[in-house]
Amino acid sequence: MNDSQLLRYSRHILLDEIGIEGQQKLLAAHALVIGAGGLGSPAAIYLASAGVGHITLVDNDTVDLTNLQRQIAHTTERVGQPKAESARVTLAQINPEIDVTALTERVDDARLAELVAQADVVLDCTDNFATRHAVNRACVALGKPLVSGAVIRFDGQVSVFDPRGGAQPCYSCLFPQDQKFEDVACSTMGVFAPLVGVVGAMQAAEALKLLMGVGASLAGRLLMLDGLHMEWTSIGVGRNGDCPVCAKK
Ligand SMILES: [Zn+2]
């Protein structure tokens, strides 16, 4: 690290659990952030400010006026632009020393496998079950840790699915692929703006810890937030022995 980097990251380096060694791990790391909306904005901003050396942002959508209430990586003047590119501009302004790849595309299983293979950690910041399951399948197949977040109305949840951990569950163990979950979109249900910041920032925290190998992750636990009464609930989640995604691994 040069003098400017030592200054930029000094408040991390001061932490015994991180130090120069941990910061160097972040600088050498590659995080894949899928979704540059409400969760992806704060998650990517913290990954960038904290010095994750390479961030790939994937989103096929464009910035809409209705996004700006909570999707803090975007600005009024960038309405109409691709979200991935808009977020890339924000990250570059905060930390020009890192590499950010912005991909404006809808990813299928094959493309996800390519992108996940290149990443050290994956953040699921999407808003539909089909993509969540596709991301989970790729992470299990390639043995990559997945940090998952979701927010709707006043409710949030966050967890880590780490296929490197042996007996840990995957996303599909909790939410089976064949189960009928209604996609409840923000466009119809509404979402309390700061909750995506809370959950997205927690996703960044878990991703940074996984990249540095410090502390204990949320693997095996699901944290649920009732934002209306501001109460957290932590529940233990186990592996489903019959899970079609991870049981054979
Ligand atoms: Zn599973």
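Biologist: How many disulfides does the structure hold?

Modeller: Zero disulfides. Keep in mind that this is a predicted model.

Biologist: What about Cys 125, which cysteine sulfur is nearest?

Modeller: The sulfur of Cys 139, and that one is 12 Å away. A disulfide needs the two sulfur atoms within 2.5 Å, so Cys 125 is in no disulfide.

Biologist: Is Cys 125 buried or exposed?

Modeller: Cys 125 is buried, at 7% relative accessible area.

Biologist: OK, on to the metal. Which residues are the protein donors of the zinc ion?

Modeller: Four cysteines, each through its SG atom: Cys 170, Cys 173, Cys 243 and Cys 246. They lie 2.3 Å from the zinc ion.

Biologist: And what geometry does the site of the zinc ion have?

Modeller: Tetrahedral, with angles of 95 to 122 degrees among the four donor atoms.

Biologist: How are the donor residues spaced in sequence?

Modeller: The pattern reads C-x2-C-x69-C-x2-C. Take Cys 173 and Cys 246: this pair is 73 residues apart and links distant parts of the chain. Cys 173 is in helix α8 (residues 171-174), while Cys 246 is in the segment after β8 (231-236).

Biologist: Are Cys 173 and Cys 246 buried or exposed?

Modeller: Both are buried. For Cys 246, the relative accessibility is 3%, so with the buried cut-off at under 20% it counts as buried.

Biologist: Last topic, holes. How many cavities of 30 Å³ or more does the structure hold?

Modeller: One. The largest cavity has about 40 Å³ of space.

Biologist: Which strand gives the most to its lining?

Modeller: β6, with four residues. Both β5 and β6 supply at least two residues each.

Biologist: What classes of residue make up that lining?

Modeller: Six nonpolar, four polar and one charged. The lining residues include Arg 132, Ser 148, Phe 161, Tyr 171 and Leu 222.

Terms used:
Residues are numbered from 1 along each chain as its sequence is written. This is a predicted model: local features need pLDDT of at least 70, side-chain atom pairs count only at pLDDT 80 or more; totals for chains, interfaces and linings use all residues. Side-chain values use heavy atoms; hydrogens and water are left out. Donors are N, O and S atoms within 2.8 Å of the metal (3.2 Å for Na, K and Ca); water is not among the atoms, so sites may look incomplete. Four donors count as tetrahedral if all angles lie between 85 and 135 degrees; four count as square planar and six as octahedral if opposite donors are over 155 degrees apart and all others between 65 and 115; anything else is irregular. Buried means under 20% relative accessible area, exposed over 50%, partly exposed in between (1.4 Å probe, protein chains only). On a 1 Å grid over the protein atoms alone, a cavity is a set of points where a 1.4 Å probe fits but cannot get out, and a pocket is an open set with protein on both sides within 12 Å along at least five of seven lines; lining residues have an atom within 4 Å of a point. Grid points are joined across faces, edges and corners, and a volume is the space filled by probe spheres set on the points. Ala, Val, Leu, Ile, Met, Phe, Trp, Tyr, Cys and Pro count as nonpolar, Asp, Glu, Lys and Arg as charged, and the others, Gly among them, as polar.
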